[in-house]
Amino acid sequence: MTKGKDNISLAGIFGVFAKIGTFTIGGGYAMVPLIRDELISRGWISEEEFPDILALSQMAPGLLAVNFSIFAGYRMRGMRGALVATLGSCLTPFLIILAIAMFFSGFKNNPVVIRIFQGMRPAVVALIAVPMIQMARSACKNWWSWALTIAAMLLVALLKVSPIYILLVTLIVALAICVAADRRRRRNG
């Protein structure tokens with residue numbers, strides 16, 4: 001059960017999203033497991049709401065982390081929550097990137113720095129893979145949802161089909177199914 005909007009402080013939202021923005025290397029999908037753990041463990045969003053917010057965040061134009069902050073913050077505390085969550089998730093990374101831009105040019109060809117970034121890549125891959133597997137397990141409740149998930153993955157990975165086309169087709173099919181089910185219910189009810 002999620003907490004009511006009034007029980008979640010704006011300072012708390014800012015703090016959690018600042019923590020997420022500060023300690024997530026790789027941004028975007030690498031943030032998903034930390035966001036999930038923080039928000040669900042605090043009861044701010046439910047296990048069922050998480051995939052919906054993530055799907056909306058992926059479909060909206062812009063950065064995943066920013067979109068997720070907006071949607072989750074809005075869900076928790078309305079417009080103020082959206083603003084505070086977004087500021088929290090973006091402020092520290094912005095300051096870090098600013099510092100890197102100012103000082104990194106002297107270190108970018110340093111072999112130690114290059115090895116550090118190469119060493120972090122596998123961890124970022126794992127940070128992306130784990131929440132996707134967890135989300136598939138919770139979202140795929142029957143054979144056809146698993147089939148759709150695997151088909152979409154193969155289309156993107158092997159055939160290089162744009163995820164945008166997959167999302168659009170899925171949206172149109174889901175809408176058609178809903179409209180047909182609604183018509184059937186009206187006709188029978």
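A salt bridge here is a side-chain nitrogen of Lys or Arg within 4 Å of a carboxyl oxygen of Asp or Glu. Lys19 and Glu38 meet that rule, with their closest N and O atoms 2.6 Å apart. Keep this pair in mind as you read on. The model is a predicted one, and every value below was computed from it.

## The overall picture

The protein chain has seven helices and zero strands. Read from the N terminus, the order of elements is α-α-α-α-α-α-α. Along the principal axes, the C-alpha atoms fill a box of roughly 70 × 45 × 25 Å.

Of the 189 residues in the protein chain, 28% are buried. The chain exposes about 12,500 Å², and carbon and sulfur atoms supply 71% of that area. As for contacts between residues at least 6 apart in sequence, 56% join residues that are at least 24 apart. The protein chain carries 19 positive and 8 negative side chains, and the centres of these two sets lie 7 Å apart.

## Salt bridges

How many salt bridges does the count come to? The count is seven salt bridges.

| Pair | N to O distance |
|---|---|
| Lys19 and Glu38 | 2.6 Å |
| Arg185 and Asp182 | 2.5 Å |
| Asp182 and Arg186 | 2.9 Å |

Asp182 has a salt bridge with Arg185 and another with Arg186. Why are these partners within reach along the helix? Arg185 and Asp182 are separated by about one helical turn because they are three residues apart in helix α7 (residues 163-188). Asp182 and Arg186 are also separated by about one helical turn, since they are four residues apart in helix α7. Asp182 is partly exposed, with a relative accessible area of 23%. Its two partners count as exposed: Arg185 has a relative accessible area of 57%, and Arg186 has 65%.

Salt bridges that share partners also join Lys19, Glu38 and Arg42 into one network.

Back to the opening pair: Lys19 forms its salt bridge with Glu38. This pair links distant parts of the chain, with Lys19 in helix α1 (residues 10-23) and Glu38 in helix α2 (residues 32-41), 19 residues apart. Is Glu38 buried or exposed? Glu38 counts as buried because its relative accessibility is 10%, and the cut-off for buried is under 20%. Lys19, at a relative accessible area of 35%, is partly exposed.

## Helix α2 and what surrounds it

Glu38 is one of the buried residues of α2, along with Val32, Pro33, Ile35, Arg36 and Leu39. Which helices do the buried residues of α2 pack against? They pack against α1, α3 (49-59), α4 and α5 (111-139).

Arg42 is found in the loop between α2 and α3. With a relative accessibility of 34%, Arg42 counts as partly exposed.

The C-alpha atoms of Arg42 and Ile8 are separated by 9.6 Å, while the two residues are 34 residues apart along the chain. Ser9 lies in the segment before α1. The C-alpha atoms of Ser9 and Arg77 are 8.3 Å apart, and 68 residues separate the two along the chain. Ser9 is partly exposed, with a relative accessible area of 40%.

Which residues make the nonpolar surface patch? Leu87, Leu91, Phe94, Leu95, Leu98, Met102, Phe103 and Phe107 make a patch of about 820 Å². Met102, one of these residues, is found in helix α4 (residues 64-103). Met102 counts as exposed because its relative accessibility is 54%, and the cut-off for exposed is over 50%.

Notes
Residues numbered from 1 in each chain as written. Predicted model: local features only at pLDDT ≥ 70, side-chain atom pairs only at ≥ 80, totals over all residues. Heavy atoms only, no water. Helix = DSSP H or I, 4+ residues; strand = E, 2+ residues; numbered from the N terminus. Buried < 20%, exposed > 50% of the residue type's maximum accessible area, 1.4 Å probe, protein only. Contact = heavy atoms within 4.5 Å. Areas by Shrake-Rupley, 256 points an atom, 1.4 Å probe, with all protein chains shown as cover. Lys, Arg positive; Asp, Glu negative; His and termini not counted. Charge placed at Lys NZ, Arg CZ, Asp CG, Glu CD. Patch = residues over 30% accessible without salt bridge, like charges linked within 9 Å, V, L, I, M, F, W, Y side chains within 5 Å.
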